[in-house]
Amino acid sequence: TGLDFSARFVRIALGMKEKGSVQYVLPEEGDLVSYHERRLSEFGLEGTRDRVDFAQADACNLKPLCEGYDLVLAANLIDRLYSPRTFLASIHERMNPGGLLVLTSPYTWLTEFTEREEWIGGFKRDGENLTTIEGLSEVLSPRFRMLGEPRDVPFVIRETRRKFQHTIAELTVWEVLP
């Protein structure tokens with residue numbers, strides 16, 4: 001089940017599922033663009049179309065039908081939510097005991113996405129630094145335990161043929177307590 005707040009992202013995923021391919025345009029330089037197509041068959045995924053669903057959803061207000069998961073991946077999500085604490089404090093209700101919550105985020109924390117009062121890290125509390133990993137531990141520890149150590153996961157976003165964003169997210173894995 002793939003969920004996203006963006007109707008456009010969901011529409012593209014549904015199109016890939018239905019047609020088995022997606023066409024897209026990449027900016028090259030100035031007004032110049034290039035046209036591309038990707039097919040599920042290129043990735044050996046043609047047989048998976050009937051096993052996936054996509055829907056528009058608000059991660060801070062998930063519908064009751066979103067439950068019974070053994071794995072939840074929240075990739076580059078928490079620092080873009082209007083209430084990350086709401087998502088983190090309730091996601092265990094959607095998961096099976098022993099299920100895994102995989103979080104990855106660069107912890108950017110911008111007020112255009114999340115009001116400062118809603119940040120779970122990246123600020124000083126009582127004169128001391130509160131990192132996001134510390135905030136995650138505070139919010140998740142009643143229902144989860146962290147497996148292993150956090151890991152850095154670099155990723156690159158192409159803006160044009162010669163301009164890229166290089167970002168390093170932190171990945172953590174949390175197990176739902178019984």
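User: In this predicted model, what share of the contacts between residues at least 6 apart in sequence join residues at least 24 apart?
Analyst: In this predicted model, 63% of those contacts join residues at least 24 apart in sequence.

User: What is the secondary structure made of?
Analyst: The protein has 3 helices and 10 strands. Following the sequence, the elements come in the order β-α-β-β-β-β-α-β-β-β-α-β-β.

User: And what does the C-alpha trace span along its principal axes?
Analyst: The C-alpha trace spans about 50 × 40 × 30 Å.

User: Now strand 2. Which strand does it pair with, and in what sense?
Analyst: Strand 2 pairs with strand 3, residues 32–39, in the antiparallel sense, and 8 bridges link the two. One of the residues involved is Ser-21, whose bridge partner in strand 3 is Arg-39.

User: What happens at the turn between them?
Analyst: Strands 2 and 3 form a hairpin with 2 residues between the strands. In this hairpin Gly-30 takes a positive phi near 55°.

User: Where is Glu-28, and is it buried or exposed?
Analyst: Glu-28 belongs to strand 2, which covers residues 21–29. Glu-28 counts as buried because its relative accessible area is 10%, and the cut-off for buried is under 20%.

User: What does its side chain do there?
Analyst: The side chain of Glu-28 makes a polar contact with the side chain of Arg-161, at 2.9 Å. Leaving out residues up to four places away in sequence, Glu-28 touches Val-33, Ser-34, His-36, Arg-158, Thr-160 and Arg-161.

User: Thr-160 is on that list. What stands opposite it?
Analyst: Thr-160 stands opposite Lys-163, which is in strand 10.

User: How are strand 9 and strand 10 joined?
Analyst: Strand 9, residues 144–160, and strand 10, residues 163–176, run antiparallel and are joined by 13 bridges. These two strands form a hairpin with 2 residues between them.

User: How do side chains point in a regular strand?
Analyst: In a regular strand, side chains alternate between the two faces of the sheet.

User: On to helix 1. What can you tell me about Gly-15?
Analyst: Gly-15 is found in helix 1, which runs over residues 7–19. With a relative accessible area of 16%, Gly-15 is buried.

User: Where does Ser-83 sit, and why does it count as buried?
Analyst: Ser-83 is in the loop between strand 5 and helix 2. Ser-83 counts as buried because its relative accessibility is 9%, and buried means under 20%.

User: Which residues does Ser-83 meet?
Analyst: Setting aside neighbours within four places in sequence, Ser-83 is in contact with Cys-60 and Glu-118. The side chain of Ser-83 also makes a polar contact with the side chain of Thr-86, at 2.5 Å.

User: How far is Ser-83 from Ala-7?
Analyst: Ser-83 and Ala-7 are 20 Å apart in space, C-alpha to C-alpha, and 76 residues apart in sequence.

User: What is the phi of Asn-76, and where is that residue?
Analyst: The phi of Asn-76 is near 50°, a positive value in a residue other than glycine. Asn-76 lies in the loop between strand 5 (69–75) and helix 2 (84–90). Asn-76 is partly exposed, with a relative accessible area of 32%.

User: And what about Trp-109?
Analyst: Trp-109 is not a glycine and has a positive phi, near 50°. The loop that holds Trp-109 runs between strand 6 (95–105) and strand 7 (123–125). Trp-109 is buried, with a relative accessible area of 5%.

Methods:
Residues are numbered from 1 along each chain as its sequence is written. This is a predicted model: local features need pLDDT of at least 70, side-chain atom pairs count only at pLDDT 80 or more; totals for chains, interfaces and linings use all residues. Side-chain values use heavy atoms; hydrogens and water are left out. Helices (H or I, at least four residues) and strands (E, at least two) are DSSP runs, numbered from the N terminus. Buried means under 20% relative accessible area, exposed over 50%, partly exposed in between (1.4 Å probe, protein chains only). A polar contact is a pair of N or O atoms within 3.5 Å; within protein, one must be able to donate a hydrogen and the other to accept it, and residues adjacent in sequence count only if both atoms are side-chain atoms. Contact means heavy atoms within 4.5 Å. Two strands pair if DSSP finds at least two bridges between them.
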